[in-house]
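Good morning, and thank you for joining.

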Amino acid sequence: MLDNSPRGTIVIENLEVGMMRSLRKVVTDEDIEMFAQVSTDRNPVHLDDAYAQDTIFEGRIAHGMLTAGLVSAVIGEQLPGHGTVYLGQSLRFLAPVRPGDMVTAEVEVTAIDYTKRKVTLDTRCLVDGKKVLAGEAVVLAPSGKFD
């Protein structure tokens, strides 16, 4: 994983609309195989070259939720970071991610309710500058008052 931002926590008191964090990762065959094992999603479009060649994707693709997991990593490790609790996430899968693709997962603060500690985040993943995943997350951010 190639992180461009430090890990840790940004407490609700220090969050601002427009803050953004990201990470980059090459999705490998091993990642896809491990995700298939952990999730029990062994759809051959992810694992079988011959099968996948005859699909609309014309080759193997990564699991969509593996890509979405990179967004979760940014939220849980960087923005807001450690102690964040997911309340909801919408996702739209816009294009396939293939083995060997460098995925950039980005998270941006779009709204903050300081009294309820709720933060709304624009979430997206890109490959070669093209959006492959888009969504919105709502999280409960950690507070410095409780640490």
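The side chains of H82 and E77 are joined by a polar contact of 2.9 Å, a polar contact being a pair of N or O atoms within 3.5 Å; within protein, one must be able to donate a hydrogen and the other to accept it, and residues adjacent in sequence count only if both atoms are side-chain atoms. Please bear in mind that this is a predicted model, in which local features need pLDDT of at least 70 and side-chain atom pairs count only at pLDDT 80 or more, while totals for chains, interfaces and linings use all residues. Residues are numbered from 1 along each chain as its sequence is written, and side-chain values use heavy atoms, with hydrogens and water left out.

Where does H82 lie? H82 is placed in the loop between α4 (64-77) and β3 (85-93); helices (H or I, at least four residues) and strands (E, at least two) are DSSP runs, numbered from the N terminus. With a relative accessible area of 40%, H82 is partly exposed; buried means under 20%, exposed over 50%, and partly exposed in between, using a 1.4 Å probe and protein chains only. Neighbours within four places in sequence aside, H82 is in contact (heavy atoms within 4.5 Å) with G8, T9, G76, E77 and P142.

I turn now to helix α1, residues 29-39. Which of its residues are buried? They are D31, I32 and A36. Because these cover an arc of only 135° around the axis, they sit on the same side of α1; the arc is that of the directions from the helix axis to the C-beta atoms. The face turned away from that buried side carries the exposed residues E30, Q37 and V38. Among the elements covering the buried residues of α1 are β2 (20-26), α2 (44-47) and α4. After α1 comes T40, with a positive phi near 65°.

Next, the charged pairs. How many salt bridges does a search of the whole structure find? The search finds 6, a salt bridge being a side-chain nitrogen of Lys or Arg within 4 Å of a carboxyl oxygen of Asp or Glu. One of them brings together K25 and D31, at 2.6 Å from N to O, and both K25 and D31 are buried.

Another salt bridge pairs R60 with D49 at 2.9 Å, N to O. This pair links distant parts of the chain, 11 residues apart: R60 is in the loop between α3 (49-53) and α4, and D49 is in helix α3. R60 counts as buried because its relative accessibility is 12%, whereas D49, at 53%, counts as exposed.

R124 and D122 also meet in a salt bridge, at 2.1 Å from N to O. Here R124 is buried, at 10% relative accessibility, and D122 is partly exposed, at 28%. Salt bridges with shared partners join E106, E108, D122 and R124 into one network.

Finally, the core. The largest nonpolar core has 30 residues, and L15, V119 and L121 have the most contacts inside it; such a core is a set of buried Ala, Val, Leu, Ile, Met, Phe, Trp, Tyr and Cys residues joined through side-chain atoms within 4.5 Å. At least two residues of this core come from each of α4, β4 (102-113), β5 (118-127) and β6 (130-140). The largest share, 6 residues, is supplied by α4.
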